[in-house]
Amino acid sequence: IPNNLNFDSNTLFLDASNNRVGIGTASPAAPAHVLLAATTSTAPAEVLRIEVNDGGVDMNIGHGPGIDFFIGETGGSDYGGTVAVVKEVASDADTTCAMVFHTTTDDQVKDSSREKMRITSGGNVGIGVTDPDELLEVAGDVKISGANKLYFYDSGGEHVSANSGGVLSIAAGAEIDLTATAIDINGTVDCSSTLTIAGIVKVGASAGSGADAYFYTAGTAAH
């Protein structure tokens, strides 16, 4: 087709010069460009609908509409990942769904085992796990960087933080309970309030080292 085509006042526009298609626009800026006029609604605007219809077939858990991404390689392209919404319940009348994210390494084919992250129908997020029980569940190690690396906040201001100087701070509005078979501390512990220990406290260096251990009470040192 040598010339541009415009159907029904930009309902569909074919840009023959740049090989682009516009829906709602006569100036498509990408191979496929959809433009929808804004409204005063407070809800998300439906610009694109991707649908898998029942069609008389009972959909299984894990099935649903998705978008596959292919990335270029020598001689063409290969599968790179998927974003999809899939059923969580097998019942034909139940549309409870999760959103899943798949990625691949080189030359892997599309498969449900490529899932790396999931947002469940209840809002839980799983990374490396397909059935997260909490708002965030991670199967593996987590690395957090920054001046204040990790905070747990609630109404009482409780938090755990670590700064770039290597200082770990734990703050609580009430008590801090540590339960373990052993707690090893190699360094100085500062407690600005009461420290209560239910059990045996061993203070000192290893046997035969010759080092002293001290308890400080009201400014007086006692061995």
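The lining of the second largest pocket is made up of eleven nonpolar, four polar and five charged residues (Ala, Val, Leu, Ile, Met, Phe, Trp, Tyr, Cys and Pro count as nonpolar, Asp, Glu, Lys and Arg as charged, and the others, Gly among them, as polar). Welcome to a predicted model, where local features need pLDDT of at least 70, side-chain atom pairs count only at pLDDT 80 or more, and totals for chains, interfaces and linings use all residues. Residues are numbered from 1 along each chain as its sequence is written, and side-chain values use heavy atoms, with hydrogens and water left out.

**The second largest pocket**

- This pocket holds about 360 Å³ of space, a volume being the space filled by probe spheres set on grid points that are joined across faces, edges and corners.
- On a 1 Å grid over the protein atoms alone, a pocket is an open set of points where a 1.4 Å probe fits, with protein on both sides within 12 Å along at least five of seven lines; lining residues have an atom within 4 Å of a point.
- The lining counts 20 residues, and V52, G64, P65, V85 and C97 are the closest to the pocket's centre.
- Two or more lining residues come from each of β5, β6 (76-87) and β7, and β6 gives the largest share, five residues.
- Strands here are DSSP runs (E, at least two residues), numbered from the N terminus.

**The salt bridges**

- The structure holds three salt bridges (a side-chain nitrogen of Lys or Arg within 4 Å of a carboxyl oxygen of Asp or Glu).
- R49 and E46 form one of them, at 2.5 Å from N to O; R49 is exposed at 61% relative accessibility, while E46 is partly exposed at 48%.
- For these words, buried means under 20% relative accessible area, exposed over 50%, and partly exposed in between (1.4 Å probe, protein chains only).
- D68 pairs with K110, with their closest N and O atoms 2.8 Å apart.
- This pair links distant parts of the chain, 42 residues apart: D68 lies in strand β5 (residues 66-73), and K110 in the loop between β7 (97-103) and β8 (115-119).
- E115 and R118 form a salt bridge at 2.8 Å, N to O, and both residues are buried.

**The open sheet**

- Four strands form an open sheet in the order β1-β2-β3-β4, with mixed pairing (two strands pair if DSSP finds at least two bridges between them).
- At the edges are β1 (5-7) and β4 (32-34), each pairing on one side only.
- β1 and β2 (residues 12-15) run antiparallel and are joined by three bridges, with N6 opposite F13 in β2.
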